[in-house]
Amino acid sequence: MAKIAAEKIREFRAEAKYQRSSPQKAKLVLDTIKGMRVEQALNTVHFSSKRMGPVVEKALRSAIQNATYVSQEQGLDIDVDNLYVRTAVANEGPRMKRIRPAPMGRAFRYQRRLVHIIVTVAEKKSPTPAVTAVSEAPAIKEAPVKSAAKKGEAGKSPAKKSTAKKAPAKKAAAKKAAK
């Protein structure tokens, strides 16, 4: 476990700043690619009908290029096929204040929003020891859960039947008393 904690997951990021869209519209595209493999995320963004699709695709491609460049420079062994989108965030940038003409010589102010898009990719490691430990744990937990469920069902079933038997007896007694 000490080796797993000591290994740091390498992240590679790219930013697209001052993009002319609202953060809310950018988040719609970014939420679709979070956690996806890079190849699948590129296809999803490329065929997206949203206007922010090409901007997000450019940032994602830049993050992939950053990963390959840093791996070559530092001599890291990074497989591009194992990269996935770790985080995809749309932060609010500065707002441009504008004025629109209004009736009777007035002016209405409105704001044009800008967005900063940050895409982070990381390499997925194959956790072989963790998978075996996880697969063994649910098998142990299933047995007590089933026995507890049977105990609960056994305790509840007779109580319902006994109340059902008492109800007709009370009605019959009430009818006899009324006659």
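The side chains of Lys-17 and Glu-15 are joined by a salt bridge with an N to O distance of 3.7 Å, a salt bridge being a side-chain nitrogen of Lys or Arg within 4 Å of a carboxyl oxygen of Asp or Glu. The model is predicted, so that local features need pLDDT of at least 70 and side-chain atom pairs count only at pLDDT 80 or more, whereas totals for chains, interfaces and linings use all residues. Residues are numbered from 1 along each chain as its sequence is written, and side-chain values use heavy atoms, with hydrogens and water left out.

Lys-17 has a relative accessible area of 46% and is partly exposed; Glu-15, at 39%, is likewise partly exposed. Partly exposed denotes the range between buried (under 20% relative accessible area) and exposed (over 50%), with a 1.4 Å probe and protein chains only. Arg-13, Glu-15 and Lys-17 are linked in a network of salt bridges.

Over the whole structure, 6 salt bridges are found. Among them, Asp-31 and Lys-34 meet through their side chains at 3.3 Å, N to O. Asp-31 is partly exposed at 48% relative accessible area, and Lys-34 is partly exposed at 44%. In the salt bridge between Arg-95 and Glu-92, the closest N and O atoms are 2.5 Å apart. Arg-95 has a relative accessible area of 32% and Glu-92 one of 42%.

A negative surface patch comprises Glu-39, Asp-77, Asp-79 and Asp-81. Patches consist of residues with over 30% relative accessible area and no salt bridge, like charges being joined within 9 Å and nonpolar side chains (Val, Leu, Ile, Met, Phe, Trp, Tyr) within 5 Å. Asp and Glu count as negative and Lys and Arg as positive, while His and the chain ends are not counted; the charge is placed at NZ of Lys, CZ of Arg, CG of Asp or CD of Glu. Asp-79 lies in the loop between helix H4 (53-74) and strand E2 (83-92) and is partly exposed, with 34% relative accessibility. Helices (H or I, at least four residues) and strands (E, at least two) are DSSP runs, numbered from the N terminus.

Strands E3 (residues 96-101) and E4 (residues 107-112) run antiparallel and are joined by 6 bridges; pairing requires at least two DSSP bridges between two strands. Lys-97 stands opposite Gln-111 in E4. E3 and E4 form a hairpin with 5 residues between them, and Met-104 in the turn has a positive phi of about 60 degrees.

Key:
Areas by Shrake-Rupley, 256 points an atom, 1.4 Å probe, with all protein chains shown as cover.
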